Amino acid sequence: MKDYTSTSKIKTVEEAAALSAAWRAQGLKVVMAHGVFDLLHLGHLHHLQEGRRQGDRLIVSLTADAFVNKGPGRPAFPSLQRAEMVGALSCVDLAVVSENPTAIPMIRTLMPDVYLKGSDYRNAEDDVTGNITKERDAVEAHGGKLGFTDEVTFSSTTLINRYMNVDDTPLNRYLRELREEQGLDQLVEFVEKLSDMKVLFVGDTIIDEYRYIKPLGKTPKDSIIACLDEDDETFAGGVIAAANHLAGFCDNVDILTTLGPADSYEGLVREHLRPNVNLDVVWHQEGPTTRKTRFIDRYNMRKMFEVYTMDDSALSATRQSDLDRRLAERVGDYDLVILTDFGHGMIQQSTIDLLMEKAPYLAVNAQTNSGNFGFNLITKYRRADFVSIDHNEAMLAIRDKNVPIRETVGKRLPALIDCPRIIVTNGKFGSVGFERGIGLVEAPALTSTIVDNVGAGDAFFALSAPFAAMGASMKYVSLIGNMAGALKVGIVGHRTSVDKAGLIKFATSLLK
């Protein structure tokens, strides 16, 4: 007969908070540990046993499945199974699943007397994510403290990577090769160099509005689906979102963009900027800032349809001249110019010519979308130093949808654009890159879980471009781009951006 003791230890956040408060009111010392606990092992057991000895009650919180950024197929076990395993330990008093990417909200909710960490976190400077300092601040805010265990540590991620991912899939071969060449160290070395880069983003601002609806069914009199309007979110997207991703790695990032005087959303745009992003605006003569409203079934995050609100006509001659003048005055001051061309009227031929001539290093993405389909091709750029587009955009550029992607990237695109480095992203199939004199570099996708794919290509581009500008090999240009894209598809809209701590944590889980 099944023993339900461990199952009875699994509590909701509300139940766990109430029990923690009751125990503390009785004068009992509450200890909290947090982690994924994907593969329960001896290191976990000794860590939790020692933690229990530091108090009277031990609560273990586990990261929910949606927030486990450790690569494809992770977690290996769903949250309730992981919680049941942890709860089966006699030293654990209760287990709770946390619907947050970090332990901080749970620390604030449970208010433990001791927040438990392993000995490898004693020196906060060794924590590449920076989370240990935030966790210390959270627990000390209510009078608690950090506690450490000195047991021998193991890593579930390392054990799973080495002993459970033994099949010879392209992804596992790719990751094994990177581990064998100390890929994590090389990646981190390049990431650290990003802080000093001077980067200018040029491109369209897009307001991404998400309207969450509940489909009610077909109307009695018409062949349409009626929906209930429930909620909405509005994000600063386009070049703003792309710049925010890189601003998590660089000390200073500048943006040159356009906004429309009617419904400009300037306040929202400035509010959404990271503190180290500087905004320079050229005002469109008429119309609103481009806004894309997506109507989304909240139950499954499925996008139902989309409405564009925009004036995508070219800037007036006066404003175009002003834009080009501002660029000409400053473009030489940057290590890298990242051009995000969404094809909504800002980027005209005079701007393209200026950047092709004067930018010290020019990275270009020319996006195809419903508003510009067939009219905004990468081939309007005769030259660039780095190009990143998706497979659909590449097929449109070569005017042939039947050419294999390897031929498209390795032969057809290089024949049309004077560019030494080109990457074409291909969704769940990863990316194919080309470097002049070297050839093709293929990289698999690094996640199979997609919450929202809006802006994933922009995140890929924003992080791969500076790696290319620094001279990283295409293997690492592709790797950083795929990591950024994998992290971005786990974010709804632009609620948050890819940042250094999250990316290094993700890289560590893949490559350690």
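User: Which residues lie nearest the centre of the second largest pocket?
Analyst: This is a predicted model, in which local features need pLDDT of at least 70 and side-chain atom pairs count only at pLDDT 80 or more, while totals for chains, interfaces and linings use all residues. Residues are numbered from 1 along each chain as its sequence is written, and side-chain values use heavy atoms, with hydrogens and water left out. On a 1 Å grid over the protein atoms alone, a pocket is an open set of points with protein on both sides within 12 Å along at least five of seven lines, and lining residues have an atom within 4 Å of a point. The second largest pocket has 40 lining residues, and those nearest its centre are N453, V454, G455, A456 and G457.

User: What is the volume of the second largest pocket, and which classes make up its lining?
Analyst: Grid points are joined across faces, edges and corners, and the volume is the space filled by probe spheres set on the points; here that gives about 1100 Å³. For the classes, Ala, Val, Leu, Ile, Met, Phe, Trp, Tyr, Cys and Pro count as nonpolar, Asp, Glu, Lys and Arg as charged, and the others, Gly among them, as polar. The lining then splits into 12 nonpolar, 20 polar and eight charged residues.

User: Which helices and strands each supply at least two residues of that pocket's lining?
Analyst: Helices (H or I, at least four residues) and strands (E, at least two) are DSSP runs, numbered from the N terminus. With at least two lining residues each, the elements are β8 (205-218), β12, β13, β16, α16 (456-469) and α17 (474-488).

User: How many cavities of 30 Å³ or more are there, and which residues are closest to the centre of the largest cavity?
Analyst: A cavity is a set of points where a 1.4 Å probe fits but cannot get out, and the count comes to one of 30 Å³ or more. The largest cavity holds about 100 Å³ of space. Its lining has 14 residues, and the closest to the centre are T258, H284, P288, T290 and H344.

User: How are the rings of Y210 and Y212 arranged?
Analyst: Rings of Phe, Tyr and Trp (its six-membered ring) pair if their centres lie within 6.5 Å, with planes under 30 degrees apart counted as stacked, over 60 as edge-to-face and the rest as tilted. The structure holds five such aromatic pairs. Y210 and Y212 have ring centres 6.4 Å apart and planes at 70 degrees, so this pair is edge-to-face.

User: What kind of pair do F295 and F305 form, and which of β12 and β13 holds each ring?
Analyst: Their centres are 4.5 Å apart with 15 degrees between the planes, which makes the pair stacked. At 18% relative accessibility F295 counts as buried, whereas F305, at 46%, is partly exposed. The pair ties together parts 10 residues apart in sequence, because F295 lies in β12 (residues 291-297) and F305 in β13 (residues 302-309).

User: Which ring does the charged end of R298 sit over?
Analyst: A charge sits over a ring if NZ of Lys or CZ of Arg is within 6 Å of the ring centre and within 35 degrees of the ring normal. R298 has its charged end 4.4 Å from the centre of the ring in question. The ring belongs to Y212.

User: Where is F467, and what is F467 in contact with?
Analyst: F467 is found in helix α16 and is buried, with a relative accessible area of 0%. Leaving aside neighbours within four places in sequence, the contacts of F467 are L187, F190, V191, L194, A472, Y476, V477 and I480.

User: Which residues of helix α14 are buried?
Analyst: Helix α14 (residues 391-398) is mostly covered, with six of its eight residues buried. The cover over them includes β15 (362-366), β16, α15 (405-416) and β17 (421-425). The buried residues are H391, E393, A394, M395, A397 and I398.

Note on methods
Buried means under 20% relative accessible area, exposed over 50%, partly exposed in between (1.4 Å probe, protein chains only). Contact means heavy atoms within 4.5 Å.
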